[in-house]
Amino acid sequence: MEVPPAVTMQGIRKAFPGVVALDGVDFDVRRGEVHVLLGENGAGKSTLMKVLSGATAKDAGEIRLDGRLVEIEGPRHAQSLGIRTIYQELTLIPQLSAAENIFLGKEPVLGAGVIDRARLHRDAQGLLGELRVDIDPRDKVSALGIAQQQMVEVAKALSSEPRLLVMDEPTSALTEREIEQLFATIERLTAKGVGVVYISHRLEEVARVGQRVSVLRDGRHVATHRVGEVSVPELIRLMANRDLTEHYPKRRVPRGPEVLRVEGLSRGRVIRDVSLTLHRGEVLGIAGLLGAGRTELARAILGADPHESGRVWIKGEEVRVRGPADAFRRGLGLLPEDRKTQGLVLGLSVRGNAALPSARRLSRLGVVDAARERALARKWVEELRIKTAGIEQEVSRLSGGNQQKVVLAKWLAADVDVLFMDEPTRGIDVGAKVEIYELMNRLTAQGAGIVMISSELPELLGMSDRILVMYQGRVQALLAAEDATQENVLRAALGHSA
Amino acid sequence: MTLAARLAQRGREVGTLLGLVALCLLLSALSPHFLTVSNLLNVMEQTSINAVIAVGMTYVIISGGIDLSVGSLLALAGVLLASGLASGLPPAVAIPLGLLAGAAGGLANGLLVTWGRLPPFIATLGMMSVARGAALLYTEGRPISGFEPGFRVLATGRLLLVPVPVVAAAVVYLVAHFVLTRTRFGRYVYAIGGNPEAARLSGVPVRFHQTMVYALSGVTSGLAAVLLTARLNSAQPIAGIMYELDAIAATVIGGTSLMGGSGTLGGTLIGALIMGVLRNGLNLLGISSFLQQIVIGCVIIVAVLVDSALKRPGR
């Protein structure tokens with residue numbers, strides 16, 4: 001009889017409000033195998049692994065461990081079943097020591113809940129030594145560098161013998177030497193029969209660690225191949241190749257004068273020497289993977305985060321932006337990534353939100369002219385066809401698409417020259433998306449410039465005049481719309497030359 | 001870890017301790033009555049009640065919460081304890097009854113926070129009013145007194161010259177410090193306050209431990225009720241008003257972050273002593289109680305300002 005796989009996932013479904021993250025995904029990992037999981041941002045890799053590790057509950061589907069059907073109840077249950085996970089965002093407690101973090105949730109005790117500190121430190125030392133990392137287990141995690149923290153996270157996952165190890169981008173902050181140690185560790189584990197799921201954006205790692213590779217796209221399983229049977233370009237094609245059925249109502253307008261220029265902008269390891277220009281009437285798309293520095297770039301230009309070096313010109317004049325309020329006074333606006341926490345004041349009405357950046361203009365001696373405010377809100381509700389019970393409706397009660405339109409109304413009302421849009425259509429239904437695109441057209445027709453950050457390649461290709469691709473904080477490629485394809489943009493986003 | 005690194009980790013506590021020492025030196029220079037054995041014992045005795053409440057508060061704040069109900073729970077536990085004593089129950093029965101009352105109130109806080117998903121501020125604000133009302137209702141607003149003389153030993157007794165309330169507070173601190181630093185429970189309190197999602201993903205039973213932290217705070221309020229009732233030889237339904245603020249102040253002066261995840265009981269004890277010494281010294285110097293409030297408020301603000309200035313990255 002054939003040995004059943006270490007884990008089999010069948011027909012896994014998971015929907016979040018407004019988006020289906022996983023749509024019937026099948027996936028399995030054999031004992032002693034490294035199975036690489038690939039996909040673009042939002043393809044569903046992390047969600048699939050969160051379902052497996054008990055962090056997220058699935059809506060439908062089956063999970064079998066060694067052929068036995070299991071219902072994973074939560075992270076603690078998953079761990080007791082031998083599933084250990086290294087999450088993409090580090091899950092360390094900064095105030096605790098390395099050893100305390102490694103054994104969090106399964107401390108060795110002397111009895112009565114009293115922690116056996118000698119054993120805790122000895123065992124942590126042993127694990128760290130096995131990984132050949134030089135960290136004192138008593139050091140606080142907050143005092144460690146990011147690479148060291150990542151190795152602590154690895155040690156944490158190995159603290160009890162796993163049956164299945166899930167690694168979500170474990171190498172993103174590691175140096176080559178540490179990566180080698182990690183791969184050696186993976187080899188030791190697989191030799192003992194442990195199954196490994198390995199998520200990475202570094203395609204060159206696929207052949208180095210994996211035996212099989214699967215690709216997810218838009219929450220669906222697209223393909224599974226043996227490593228070696230499939231080339232890197234083929235993998236990129238599998239990841240990118242979406243049906244371009246959606247219609248993008250892009251209207252090109254003649255390019256006007258330069259409205260924004262950035263030269264040599266740097267901030268730590270996050271943004272490295274980025275230069276760009278934006279003209280009136282133009283949409284500059286910014287592509288890149290999570291963590292490539294796209295949002296950080298926008299925040300730095302808007303003065304929300306400090307930057308060490310770089311010069312910024314707005315409307316031809318060199319400026320030092322002192323903060324978001326200063327940026328907005330100079331005609332820059334931001335449609336943030338997360339409209340609920342950054343774009344809207346959820347407890348306020350449609351009127352209150354739409355008029356917020358214009359409050360200065362609408363008020364005299366600090367008192368808001370209520371009639372003018374209402375008129376402004378009514379005008380935009382009508383023009384943008386915001387579906388609301390009225391301008392006094394709380395925005396928290398609107399749908400995602402209509403909320404996004406309220407955020408846009410804020411900036412349309414304030415007459416921006418440059419609008420940064422960070423994931424403008426995330427979690428919005430198709431009809432509302434098209435309306436957002438129409439509004440972008442309208443802004444460019446009025447002579448504004450738009451910087452659009454998006455993880456949706458078709459949208460970037462459909463709406464941009466030029467596409468700037470970022471990789472690890474740098475500009476990896478700058479492509480004109482005519483030359484950009486899903487494949488060459490994704491190739492650049494993965495760090496290869498476009 | 002090197003000695004220097006260990007000292008650096010203890011730095012915050014050492015800094016607060018230096019503040020306390022400086023305050024004591026200043027006061028002994030200003031008043032001949034300050035640095036006497038009887039006055040210092042007096043300060044410790046007066047500090048013991050706030051210090052005991054601050055133990056539970058420190059746990060709650062490290063776990064990322066706040067407990068505004070401690071003063072009211074003290075009053076409720078106090079009147080229940082007193083009515084037990086007054087009706088002839090022996091202290092060995094009545095005292096656990098008082099502690100149980102505190103624990104029950106704290107448990108309710110915890111359940112409201114974890115299962116009711118209420119912000120701790122709101123849950124304990126509600127409990128603050130409910131427990132106060134219950135204490136007033138139960139006593140019809142009148143104090144309860146008339147206990148057997150043996151009970152007063154808890155206030156007037158001495159163990160090797162040290163007043164019993166001071167000994168009691170010291171024992172509470174030793175046990176609570178051990179639990180916080182050496183046990184799994186203590187570790188989880190830090191983890192939950194530091195990053196609740198990471199704690200959950202690491203398999204920490206977050207809700208259970210969070211609930212227990214509030215119950216513990218109720219127990220320390222109950223303990224403080226025992227000490228206060230013994231000292232006053234009566235229980236008042238209006239006892240403990242504003243005690244929550246003193247406990248929060250002691251905790252924060254002691255270096256515990258209101259953001260959760262960090263703090264020590266050693267720091268809290270020093271913080272409570274700073275508050276106690278300051279009150280005592282200002283009294284000795286004959287400074288009006290109105291002015292005292294201003295001074296104490298300033299000390300709290302300055303302590304936290306200095307703390308956050310030192311913590312700022314890249315200093």
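1. Met242(B) counts as exposed, because it has 8 C-beta neighbours inside 10 Å, and a residue is exposed when 12 or fewer other C-beta atoms lie within that distance. The model is a predicted one, and in it the phi of Met242(B) is near 75 degrees, a positive value in a residue other than glycine. Met242(B) belongs to the loop that runs between strand 4 (234-235) and helix 12 of chain B.

2. Helix 12 (residues 243-253) of chain B meets helix 4 (residues 70-86) of chain B: their axes come within 6 Å and cross at roughly 125 degrees. Helix 4 of chain B is therefore oblique to helix 12 of chain B. On the side of helix 4 of chain B, the contact is made by Val70(B), Gly71(B) and Leu74(B), and on the side of helix 12 of chain B by Tyr243(B), Glu244(B) and Ala247(B). By class, the residues of this contact are four nonpolar, one polar and one charged.

3. From chain A, domain 1 (7-240) and domain 2 (258-493) each supply at least three residues to the core. As a general matter, nonpolar side chains tend to be buried together in soluble globular proteins.

4. Apart from neighbours within four places in sequence, Val52(B) is in contact with Ala169(B), Val172(B), Thr220(B), Leu223(B), Ala224(B) and Leu227(B).

5. The next point concerns the interface between the chains. Here 20 residues of chain B are in contact with 23 residues of chain A. On the side of chain B that touches chain A, the elements giving two or more residues are helix 9 (184-194) and helix 10 (196-201) of chain B. Helix 9 of chain B gives the most to that side, with six residues. The side of chain B that touches chain A comprises nine nonpolar, seven polar and four charged residues.

6. Chain A is divided into domain 1 (7-240) and domain 2 (258-493), and the C-alpha centres of these two domains lie 35 Å apart. Between them, 10 residues of domain 1 of chain A are in contact with 11 residues of domain 2 of chain A. Helix 8 (residues 232-240) of chain A gives the most to the domain 1 side of this contact, with four residues. That side has four nonpolar, five polar and one charged residues.

7. In helix 18 (residues 486-493) of chain A, the residues Val489(A), Leu490(A), Arg491(A), Ala492(A) and Ala493(A) are buried. The buried residues of helix 18 of chain A pack against helix 8, helix 17 (457-463), strand 15 (283-287), strand 23 (466-471) and strand 24 (474-480) of chain A.

8. Asp218(A) is a residue other than glycine with a positive phi, near 50 degrees. Its place is in the loop between strand 11 (212-217) and strand 12 (220-226) of chain A. Asp218(A) counts as partly exposed because it has 18 C-beta neighbours inside 10 Å, whereas a buried residue would need 20 or more.

Key. Residues are numbered from 1 along each chain as its sequence is written. Chains are lettered from A and ligands numbered from 1 in the order in which they are written. This is a predicted model: local features need pLDDT of at least 70, side-chain atom pairs count only at pLDDT 80 or more; totals for chains, interfaces and linings use all residues. Axes are lines fitted to C-alpha atoms, for helices over the stretch in contact, and angles run from 0 to 180 degrees between N-to-C directions. Angles under 35 degrees count as roughly parallel, over 145 as roughly antiparallel, 65 to 115 as roughly perpendicular and the rest as oblique. Two residues are in contact if their C-beta atoms, placed from the backbone, lie within 7 Å. Ala, Val, Leu, Ile, Met, Phe, Trp, Tyr, Cys and Pro count as nonpolar, Asp, Glu, Lys and Arg as charged, and the others, Gly among them, as polar. Domain bounds come from an automatic or database domain assignment.
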